[in-house]
Structures are given as structure tokens and as C-alpha cells.
Amino acid sequence: MAARPATTGSRAGKAAPTRPTKGTVIPQLGWHEVRPAPIVLVSGTETFLAERAIRQLRDFLKREDPSLEISDVQADSYAPGELLTLASPSLFGEPRLIRVSNVEKCSDTFLAEALDYLQNPADDTYVVLRHGGGVRGKKLLDTIRGGLGGAIEIVCTELKKDTEKYEFASNEFKAAGKRVTVSALRQLVAAFSDDLAELSAACQQLISDATSEVTETTVDRYYGGRVETNAFKVADWAIAGRNGEALVTLRHALSSGADPVPIVAAFAMKIRTMAKVFGARGGSAQLGAQFGLAPWQVERAQKDLRGWSDEGLARCILALAETDAAVKGAGRDPVFALERLIGIISRRGEQ
């Protein structure tokens, strides 16, 4: 069996430890830890990470033996005997990689034949089963996780927290050996928070094009038109007490097609983080673990809190709630509501 492939960076894609599924005896690994095994179950709802893990396994096996035969099977339109035929030894004994998609929609025929295959996996053959979630195929998953077939599971769960997306983006740059500032990473995550594939593509574009360290200015030059990036700029200026700059940036964002709702969401994210950190004592790593934040988020919130009082912060939180309702239909003029909020936050909630 081929050796385990190296990860793509010093902390490539590092995520929270995977919690073992009940009844599981096989290794459950993160997407960046993929390695050869007779059966590789790739589970989870994050398609981008699943596709990357499968691609990394393919590339590793191809480097180990360029004669690798690669076949693709769709479990929902499976032809009887297809798996056994593809896994049968060829005339010259080349290793085989069989990629099976749509296992969460598998036919009864595939399910029966896959369960039979687990009893005696073929030599020099790697079967990758991609299951995107749901109850279909549960018997197959339970059998694999129970240890039959010598499998491993690659768990590709959705990255929901900003801290997870930030670390993902950070490791994209680390793997390429490209320096990037904290503020540039924050801008990227804010701009592409809804699509991990777009976030990765943006990172790769900057890695390819930037000749030196990637900074906030670099990100602005490439992706300054993204609504989410402008939203955080507005919030940054207002929280810093610079009302004029905040209003100018707001009007630029709105004229570029920005919607008021994500702008209010940017304010809410920053003010909520400030409220968590306010009055807390301890190092950034300790407080980050306590509040579910990255150390850089704690440090940024502590910096933003300079000159703020608890009464002022409370008034801003109330103003945020009122503005959120106004931009979602409760008010007649969402832009006026936003400008009023900027004024309150720029004064740090002081009357």
C-alpha cells in the first residue's frame, strides 16, 4: 500500500478535532489528512473540501505510480457488476482508483454489491465513496465505520464559523509560502464568507499575482467591489469614531449595489464581539477559547473598545436591533436608519 501523503502546509487546513461517530472504529480524519486505504469514505456536506480531498488522493497515487487506472461510478445509476469489473486485476497489474459519487442516492443494486465488496476488497485498489449526507445508504456507512473492508473516513463538514474560514484562508497562504497580513485575511473572509470555493479561488489568485506580502490594499485592489468588504469598512470607520469616513464609505457601497442588510450584519458581528470581550481579563488565546473566537478577533475587539463605556456599548446594541428591524421592512427609509446608526456608533453610544 502506498505511503501516507504529506499535508499541504505546516498546519494545512487544520480544523477542530473530528468527533467520532457512534459505533465507529475506523479512523475519522479531516480533509487535509486524506491518505490511501482500500476504502476511503468521504462524508459530509462541504462539497468543496470533499472534492479537494479526493483530488489530493488521486494526485498522490498518480505520483506514486503513473500507471494508475482511474474510474468513475455513479451510485444512483449503477450498472450491475460494475464495481467488481472495475476492481478486477488488469493484464499488467496497474493499481486502480475507483471514485464513486452520489452514494447518498445509491441504488439498491449498488448497496448490495458494495456491501459484498467490503467482504474482500481487491488488492492494489482504492475505492472512494462520496456520501454527501442523509439516511440513504446508512447500512453501508455503518458497515464501513464498523471496520469491515479496512476503511478510513474523511469528514468534510461545512465551515460555518468565521474562525474556521479565517484559518482555512490563512493555511492557503501558508501552504504556498506567501505572507499575508491579518487585516487582509479578515477582508478576504468577509468578502467571500458565503462560498468556500470562491474564498479559495480568491486566495489562489492573490498568491499567484502578488509579488510581495498580501495586504489589505492588495485585497482592496482585487476585490474592493464586494459588498461584504465594504460593509466591514463602514463598520471599522464608525467604531473608530470617524463618522465622515464611515458615511462616505457607506454611500459608495450603496451606489455600488450594496444592500443595507449585510452592512447592518457587519456592524452586528463586530459589536457582538466587542460585547463579549468587554471587561474580560486574560490573554487573547485564553479569551478566544472562552468565547469561541480567534486570538486576532479578541485583539481587534480590545483595540476597538478603547474609549468605550458599558453604557455606550449597551446603547449601540439597542440601536443595532432597531436598525436591523428598519432595514428588514419595519422602517420606511433603510438608508436613514443606517446613517443614524453610524452616528450613534461614531459617538461610541454617548448621547
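**Note on helix α1, its sheet and selected residues**

1. The buried residues of helix α1 are F48, L49, A50, R52, A53, I54, L57, F60 and L61, as judged in what is a predicted model. These buried residues pack against strands β2, β4, β5 and β6, and also against the helices α5 (162–176) and α7 (196–209). As background to such a list, an α-helix has 3.6 residues a turn, so residues three or four places apart point the same way.

2. The length of α1 is consistent with its residue count: at 1.5 Å a residue its 18 residues should span 26 Å, and because the C-alpha atoms at its ends are 26 Å apart, the two figures agree. At the N-terminal end, α1 is capped by E46, a side-chain oxygen of which lies 3.3 Å from the backbone nitrogen of F48; F48 is also one of the buried residues of the helix.

3. The sheet is open and has six strands in the order β1-β6-β2-β5-β4-β3, with parallel pairing. Its edges are formed by β1 (28–30) and β3 (69–74), each of which pairs on one side only. With direction ignored, neighbouring strands of this sheet are turned against each other by 20° on average. Helix α1, comprising residues 47–64, packs on the sheet and touches β2 (39–43), β3, β4, β5 and β6 (151–155), while its direction makes about 175° with that of β5.

4. Within the sheet, the pairing of β4 (residues 96–101) with β5 (residues 125–131) is in the parallel sense and extends over five bridges; in this pairing R99 stands opposite V128 of β5. A further helix, α4 (residues 138–145), lies across β1, β2, β5 and β6, and runs at about 125° to β2.

5. How many disulfides does a search of the whole structure find? The search finds zero. For C156, the closest cysteine sulfur belongs to C203 and is 18 Å away, which is too far for a bond, because a disulfide requires sulfur atoms within 2.5 Å. C156 is buried, with a relative accessible area of 1%, and another cysteine, C316, likewise counts as buried, at 0% relative accessibility.

6. Is G312 buried or exposed? This residue, placed in helix α14 (residues 310–330), has a relative accessible area of 0% and is therefore buried. Leaving aside residues up to four places away in sequence, G312 touches R348, G349 and E350. Between G312 and L206 there are 106 residues of separation in sequence and 39 Å in space, taken from C-alpha to C-alpha.

Definitions and conventions:
Residues numbered from 1 in each chain as written. Predicted model: local features only at pLDDT ≥ 70, side-chain atom pairs only at ≥ 80, totals over all residues. Heavy atoms only, no water. Pairing = 2+ DSSP bridges. Helix = DSSP H or I, 4+ residues; strand = E, 2+ residues; numbered from the N terminus. Axes fitted to C-alpha atoms, helices over the stretch in contact; angles between N-to-C directions. Contact = heavy atoms within 4.5 Å. Expected span 1.5 Å × (residues − 1). Buried < 20%, exposed > 50% of the residue type's maximum accessible area, 1.4 Å probe, protein only. Polar contact = N/O pair within 3.5 Å; in protein donor to acceptor, adjacent residues only side chain to side chain.
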